[in-house]
Amino acid sequence: MDNSKRSWMSRIGIVVIAAIMVEIISVVQYQRTRRLMDEEMSVRSRVILNSVANDIAHTLELTETTMRENLWEIVENLPYPDSAFTSVRLLIDDNPHVVGGCLAFVPHYYPSKGRLFEPYGHKDGGKIVLEQIAGPDHDYTKNNAYQRVTASLIPEWSDPYYFGADSIRLATYSFPVFDDADSLAAVCGLDIDLSWLGDTLNSRHHFKSTYGLLLTKEGELVAGPPESKVPEAEVDLIVDIINGNAPESMVKGKLIQTTNLNRPPYWQLARVYSTEEVFARIRKIRLQNLLMVLLGLAILAFMINRYARNEKRLRETTAEQARIAGELEVARKIQQEMLPRTRVDGVYGTLEPALEVGGDLYDYYIRDGKLFFCIGDVSGKGVPSAMLMSVIHSLFRTISAKMESPSFILRALNENLCRDNESNMFVTFFAGCLDLYTGKLHFANAGHDKPFLITQSASVLPVKANLPLGVFPGTAFEEQECTLSPGDALLLYTDGLTEAKDQNRKNFGRDRVRELLDGCIADAGMTPEKTVQSLSQAAHSYSGQAPQSDDLTMLLVKYEPGELLQDRITLSNDTADVERLSAFVKDFCGRLELDHKAASSLRLALEESVVNAMNYAYPAGETGEITVYADSNRREVRFTVVDSGWPFDPTTVLSADTTLDAQNRPIGGLGIHLTRKLMDSVSYCRKGTMNVLTLTKSII
Amino acid sequence: MKTTIQEIDGKIVATLSGELDTAAAPQAQTDLQPLLESKGKDIVIDCTELEYIASSGLRLLLGILKDAKEVGSRVVLKNVNEVVRDVLDLTGFVSIFEFE
């Protein structure tokens with residue numbers, strides 16, 4: 001839990017870092033763009049400002065030019081005082097920016113007109129109204145502009161001023177007028193409407209916040225945008241900048257650029273634009289981009305998270321599957337290792353589970369010169385069957401170690417399986433016991449497939465079916481027997497063989513098995529191993545691509561006794577008969593060509609066992625018989641001591657303690673001890689009314 | 001199975017020859033009875049010709065040893081062959097008898 005939280009946090013962390021980096025890149029790019037645009041805007045703005053300045057200068061110059069061009073007519077009219085009105089009309093009429101004009105004659109220029117004479121005209125609607133305005137209450141000689149021009153004789157522009165009821169912004173251009181005698185006759189004043197300047201200044205703005213101003217040298221506003229647009233404080237600021245002689249300045253997010261007309265009246269122009277407004281759009285685009293990127297990252301984070309979670313799940317599932325597969329592999333190995341690994345001549349088995357582990361089993365081992373073998377098929381497949389299979393396997397080993405009769409073995413197995421069998425599993429089972437010296441075969445069946453008996457030809461062994469193991473407690477399993485001749489064989493198999501399915505779900509069938517076995521009999525080179533392998537191959541190639549439908553198990557038991565040496569002697573329960581036994585054993589060992597030492601060992605072991613039976617099998621005073629069978633295949637010797645006395649298992653008698661000193665040594669107990677020490681195996685079983693003690697010893 | 005008993009240099013020497021199996025044991029028991037009256041003399045059992053011994057024979061030897069020990073006599077087994085020696089080994093008798 002803690003781990004997954006941490007990894008989730010780390011994933012979120014990565015996305016956050018990515019977002020921060022995107023933002024940093026975006027900011028850097030924005031700043032760079034902004035710097036470039038700032039420069040560009042500044043240049044462009046200045047170009048516009050200069051162009052406006054040029055326009056204005058040009059217009060003013062045009063006005064002045066108009067004056068000069070009309071000057072000769074005024075001069076020509078000078079000799080005629082009343083023609084002055086015509087001159088004024090001429091001046092006003094000729095220039096659209098001129099709204100009014102006057103000729104202020106120097107005092108007493110026309111004696112007929114008295115001291116002051118100033119014809120004046122102004123545009124009223126479409127008409128030009130002319131009048132003489134000089135008088136006692138209007139002494140133009142006191143006018144500053146008049147005085148400056150008459151003194152300097154240089155034309156000049158007045159500062160702008162408001163005029164009339166409409167408060168029109170005007171400026172007056174005053175210039176001297178000389179007569180033919182080159183003496184100053186009058187000062188001509190032309191009133192110029194300045195309202196067009198504002199239009200010129202503010203007609204080409206891309207941005208709302210941008211505006212242009214025209215100011216006098218002293219900072220008085222000549223023309224500008226509609227007044228609502230310009231805060232007074234800003235105008236003061238602009239004046240400060242102009243006075244500071246800075247061409248441009250950046251104040252509070254506004255770039256203020258200034259220039260002047262570079263000609264009289266040397267007015268100042270200022271252009272102000274808000275960089276904020278310009279970049280507001282870019283910033284908006286930037287923010288939109290950023291939002292898009294963040295959204296993308298969020299989606300990416302979500303996807304990464306989902307992917308990581310899915311991958312983790314997948315990893316966990318894969319690991320779990322690998323673990324189960326690993327455990328199944330171990331189980332498979334264990335199961336294969338439970339199968340008998342000691343090779344016994346003439347016996348070959350194979351088990352191929354359909355899944356990793358199977359519910360089939362087979363087993364075989366030799367005890368007392370007898371081959372105990374079995375085959376079984378637990379209902380179902382896979383792990384549950386395999387678990388029951390291993391239980392049965394060990395039960396078979398345990399039970400058959402003490403019992404010889406297959407019927408008894410099955411019965412004991414059945415009782416064990418029926419106890420607490422709540423899962424209702426059952427097992428078909430076949431057990432056999434083949435006496436390797438006699439070929440006598442005892443067997444019992446519990447619902448398993450009937451084995452094939454392979455003699456001159458292959459046939460089905462006539463076996464009683466009986467119930468499978470684990471169905472009902474108390475079931476009896478009839479014991480059957482037959483005798484195998486050397487070379488005869490038995491093929492045990494599970495239904496994985498006969499019920500191997502082809503593509504069309506058809507069974508391999510018993511007849512096919514029989515035919516194949518007949519083929520094997522004809523082939524002298526077929527060992528049990530080769531026979532089983534050829535059957536397995538045949539079943540697999542029959543199934544083809546179809547999956548193996550069931551566990552495939554086979555066990556082939558071939559009776560190959562080799563050269564046998566067999567003898568028997570019947571003794572009475574009198575120790576004097578030991579002499580006969582001694583002679584019998586000596587003779588038998590002589591035929592086996594055993595050396596004196598080996599022969600003595602066998603003789604002693606057998607003597608001790610037989611004497612034991614002579615002494616204890618029958619009640620005192622009662623005569624009884626003891627029969628000794630001696631068998632050998634030149635690899636092993638087997639003695640079987642049979643009596644019909646009381647049930648008595650000498651193998652349960654405690655061995656003498658051979659570590660005690662002489663004084664404490666008991667007299668008895670040495671016999672069975674010696675037998676055990678001298679022989680490879682000593683086993684007892686009660687068969688009917690007989691005690692059967694079997695001794696074996698390898699003589700290779 | 002043949003047994004002889006002689007007294008040589010103050011020791012009782014019993015010679016066993018042949019096979020001391022269960023059938024021969026009762027006779028040997030009778031034949032060796034004089035050893036039980038050794039009266040403190042050491043006993044030597046010459047096994048040179050003893051070819052075989054069964055547990056009944058071992059019991060016989062054990063009886064002789066126990067009686068001898070009671071009267072303070074020693075019992076020595078002489079010239080034990082390999083087959084008999086193996087049996088004595090298997091039964092732990094090698095640790096309670098003296099050998100020569």
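Is A:Arg638 buried or exposed, and at what relative accessibility? At 3% relative accessibility, A:Arg638 counts as buried, where buried means under 20% relative accessible area, exposed over 50% and partly exposed in between, with a 1.4 Å probe and protein chains only.

This is a predicted model, in which local features need pLDDT of at least 70 and side-chain atom pairs count only at pLDDT 80 or more, while totals for chains, interfaces and linings use all residues. Residues are numbered from 1 along each chain as its sequence is written, chains are lettered from A and ligands numbered from 1 in the order in which they are written, and side-chain values use heavy atoms, with hydrogens and water left out.

Of the 700 residues of chain A, 48% count as buried. Among contacts in chain A between residues at least 6 apart in sequence, 64% join residues at least 24 apart, a contact being heavy atoms within 4.5 Å.

Over all chains the count comes to 37 salt bridges, each defined as a side-chain nitrogen of Lys or Arg within 4 Å of a carboxyl oxygen of Asp or Glu. The table lists some of them.

| Pair | Closest N to O distance |
|---|---|
| A:Arg603 and B:Asp21 | 3.3 Å |
| A:Lys142 and A:Asp139 | 3.8 Å |

A:Asp435 lies in strand E16 (residues 427–435) of chain A and A:Arg638 in strand E25 (residues 636–643) of chain A, so the pair ties together parts that are 203 residues apart in sequence. A:Asp435 is also buried, with a relative accessible area of 10%. In the pair of A:Lys142 and A:Asp139, A:Lys142 counts as exposed at 62% relative accessibility, whereas A:Asp139 counts as buried at 18%.

## Where chain B meets chain A

On the side of chain B, 24 residues are in contact with 29 residues of chain A. The area buried between the two chains is about 2200 Å², of which carbon and sulfur atoms give 60%; buried area here is the accessible area (1.4 Å probe) that two parts lose on being put together, summed over both. In chain B, B:Tyr52, B:Arg59 and B:Leu90 lose the most area to chain A, together 25% of what that side buries.

Between chain B and chain A the count is five salt bridges. The elements that give two or more residues to the side of chain B that touches chain A are strand E3 (43–53), helix H2 (55–70) and helix H3 (82–91) of chain B, and H2(B) gives the most, with seven residues.

B:Glu19 lies in strand E2 (residues 11–20) of chain B and A:Arg603 in helix H13 (residues 596–616) of chain A, so the pair joins two chains. Both B:Glu19 and A:Arg603 are buried, and salt bridges that share partners join A:Lys586, A:Arg603, B:Glu19 and B:Asp21 into one network.

## Helix H5 of chain A

Helix H5 (residues 232–243) of chain A has twelve residues and reaches 17 Å from its first C-alpha to its last, close to the 16 Å expected at 1.5 Å a residue, the expected span being 1.5 Å times one less than the number of residues. In H5(A), the residues A:Glu234, A:Val235, A:Ile238, A:Val239, A:Ile241 and A:Ile242 are buried. Seen down the axis of H5(A), its buried residues fall within an arc of 160 degrees, so they line one face of the helix; the arc is that of the directions from the helix axis to the C-beta atoms. These buried residues pack against strands E8 (211–215), E10 (248–251), E11 (254–260) and E12 (268–274) of chain A, while the face turned away from the buried side carries the exposed residues A:Glu232, A:Ala233 and A:Asp240.

## Backbone details

Most residues other than glycine have a negative phi, and most peptide bonds are trans. Just after H5(A), A:Asn245 takes a positive phi of about 60 degrees. A:His108, which is not a glycine, has a positive phi of about 65 degrees and is exposed, with a relative accessible area of 52%. The peptide bond from A:Pro264 to A:Pro265 is cis, with omega near 5 degrees, and A:Pro265 is placed in the loop between E11 and E12 of chain A.

Note on methods
Helices (H or I, at least four residues) and strands (E, at least two) are DSSP runs, numbered from the N terminus.
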